[in-house]
Amino acid sequence: MVNKTYAKLQEKIGREQFKFQRNSEKIRMLEDLHESLFNRLFKITRDIILMQKFIFETHIK
């Protein structure tokens, strides 16, 4: 009886460790994507500000 319970617990631990590893990989991918998207958004915002500055300076002259 104890051996069966132990074997079942070992099996459950193995499955949960596999799930944990898979979820950890997904979280890493999401963090990389988030960083990439944030960097793109920052670049787009910077470009928009530069365009506004150029338009303003051109319009003033």
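Arg46 and Asp47 form a salt bridge, with 3.6 Å between the closest N and O atoms. The model is predicted. Arg46 is partly exposed, at 41% relative accessibility. Salt bridges with shared partners link Lys43, Arg46 and Asp47 into one network.

Lys43 and Asp47 lie 4 residues apart in helix 1, so about one helical turn separates them. Lys43 is partly exposed, with a relative accessible area of 43%. Asp47 also counts as partly exposed, at 29% relative accessibility.

A further pair sits in helix 1, which covers residues 2-60. The side chains of Glu16 and Lys19 meet in a salt bridge, at 3.5 Å from N to O. Glu16 and Lys19 are 3 residues apart, so the separation is about one helical turn. Glu16 has a relative accessible area of 46% and is partly exposed. Lys19 is partly exposed at 38% relative accessibility.

| Salt bridge | N to O distance |
|---|---|
| Glu16 and Lys19 | 3.5 Å |
| Arg46 and Asp47 | 3.6 Å |

Across the whole structure, the search finds 4 salt bridges. Why can such contacts form? Side chains of opposite charge can pair when their charged atoms come close.

How values were computed
Residues numbered from 1 in each chain as written. Predicted model: local features only at pLDDT ≥ 70, side-chain atom pairs only at ≥ 80, totals over all residues. Heavy atoms only, no water. Helix = DSSP H or I, 4+ residues; strand = E, 2+ residues; numbered from the N terminus. Buried < 20%, exposed > 50% of the residue type's maximum accessible area, 1.4 Å probe, protein only.
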